[in-house]
Amino acid sequence: MKYSSEWERIVGRFGRWIDFKNDYKTMDKDYMESVWYCFKSIYEKDLVYRGAKIMPFSTACNTVLSNFEAGSNYKDTKDPSIFITLPLVGEEDTSLLAWTTTPWTLPSNLACAVNPEFTYLKIKDTDKDKTFIFAEARLKDVCKQAAIKNHKVLEKIKGKDLVGKQYVPLFNYFYDKEDYYKQNAFKVMAGTFVTKDSGTGVVHCAPGFGEDDYATVIASGMLSPDKIAMPMDDDGKFLPIVKEWAGVHFKDADEGIM
């Protein structure tokens with residue numbers, strides 16, 4: 001409280017009217033005990049749960065950042081982009097085609113999302129003899145960017161009809177870890193956040209890193225919060241489960257992962 005009188009004087013000079021004589025301070029015992037009492041009360045009413053939230057994080061400072069802090073030093077940067085194929089289980093000759101600008105999140109992939117309202121195409125790349133599924137609205141751009149020169153449309157599919165299909169994992173780190181992931185992960189989810197303005201209409205989901213990814217996986221009931229893969233330490237280095245890049249900073253792993 002050494003400088004409390006100075007604080008009162010400065011605030012007054014700002015023209016801010018505060019009743020300093022009847023205030024409260026967060027360090028007051030009465031205040032702390034009131035907060036404890038309120039929390040105890042809502043806990044006893046079973047209104048408290050343990051969850052998780054995807055937040056901006058500084059690997060240099062080893063701390064979570066507020067959205068304001070993350071946005072206050074916003075900079076444009078160049079990120080690599082990559083197309084990935086997710087072969088459908090039972091249809092190994094057919095793959096979902098996804099696109100991402102965060103290759104470092106691919107070892108943590110646990111699901112992918114499609115927009116249930118979109119129309120998707122199953123096309124055959126006649127030059128490479130491969131079959132892909134992606135959003136009809138992205139046909140022209142995807143063919144150009146993925147160097148699909150000649151193709152044949154085999155089928156039109158509603159996004160909602162792709163939901164629930166299982167695909168072969170990109171990496172087996174979590175698939176091999178325990179049966180829980182084999183039974184529950186690596187499936188197609190419905191995601192209304194999936195747009196037509198970029199990518200392929202199929203979004204790779206790493207719920208340990210993406211806010212939309214996490215919210216969609218939890219809302220779908222596919223995975224429980226304690227099973228979300230986040231194989232990275234506070235320095236931004238991969239943990240031993242990602243054995244090829246264990247101890248490597250995530251951005252330094254981009255090229256190898258690609």
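Visitor: Why is tyrosine 24 counted as exposed?

Guide: A residue is called buried under 20% relative accessible area, exposed over 50%, and partly exposed in between (1.4 Å probe, protein chains only). Tyrosine 24 has 58% relative accessibility, so it counts as exposed. Please note that this is a predicted model, in which local features need pLDDT of at least 70, side-chain atom pairs count only at pLDDT 80 or more, and totals for chains, interfaces and linings use all residues. Residues are numbered from 1 along each chain as its sequence is written, and side-chain values use heavy atoms, with hydrogens and water left out.

Visitor: How many aromatic pairs does a search of the whole structure find?

Guide: The search finds 10 aromatic pairs. One of them joins tyrosine 24 and tyrosine 31, with 5.1 Å from centre to centre and 10° between the planes. Rings of Phe, Tyr and Trp (its six-membered ring) pair if their centres lie within 6.5 Å; planes under 30 degrees apart count as stacked, over 60 as edge-to-face and the rest as tilted. The pair of tyrosine 24 and tyrosine 31 is therefore stacked. Tyrosine 31 has 30% relative accessibility and so counts as partly exposed.

Visitor: What makes the pair of phenylalanine 171 and tyrosine 173 stacked?

Guide: Their ring centres are 5.5 Å apart and their planes stand at 10°, so this pair is stacked. Phenylalanine 171, at 21% relative accessibility, counts as partly exposed, whereas tyrosine 173, at 10%, is buried. Elsewhere, Trp104, Phe209 and Phe250 form one aromatic cluster.

Visitor: Which charged end sits over the ring of phenylalanine 118?

Guide: That of lysine 196, which lies 4.8 Å from the ring centre. A charge sits over a ring if NZ of Lys or CZ of Arg is within 6 Å of the ring centre and within 35 degrees of the ring normal. The charged end of lysine 227 likewise sits over the ring of tyrosine 180, 5.3 Å from its centre.

Visitor: Why is phenylalanine 186 counted as buried?

Guide: Its relative accessibility is 1%, so phenylalanine 186 counts as buried. Phenylalanine 186 also has a positive phi of about 60°, although it is not a glycine. Its place is in the loop between α5 (179-184) and β9 (187-190); here helices (H or I, at least four residues) and strands (E, at least two) are DSSP runs, numbered from the N terminus.

Visitor: Is aspartate 129 buried or exposed?

Guide: Aspartate 129 has a relative accessible area of 54% and is therefore exposed. Aspartate 129 lies in the loop between β6 (119-125) and β7 (130-135), and its phi is positive, about 55°, although it is not a glycine.

Visitor: In what sense do β3 and strand β4 pair?

Guide: They pair in the antiparallel sense over 7 bridges; two strands pair if DSSP finds at least two bridges between them. Proline 87 stands opposite serine 95 in β4. The hairpin has 2 residues between the strands, and its glycine 90 takes a positive phi near 90°.

Visitor: What radius of gyration does the protein chain have?

Guide: The protein chain has 24 Å, whereas a compact globule of 258 residues would have a radius near 18 Å. The radius is taken over C-alpha atoms, and the globule rule is 2.2 Å times the number of residues to the power 0.38. Along its principal axes the C-alpha trace spans about 80 × 40 × 40 Å.
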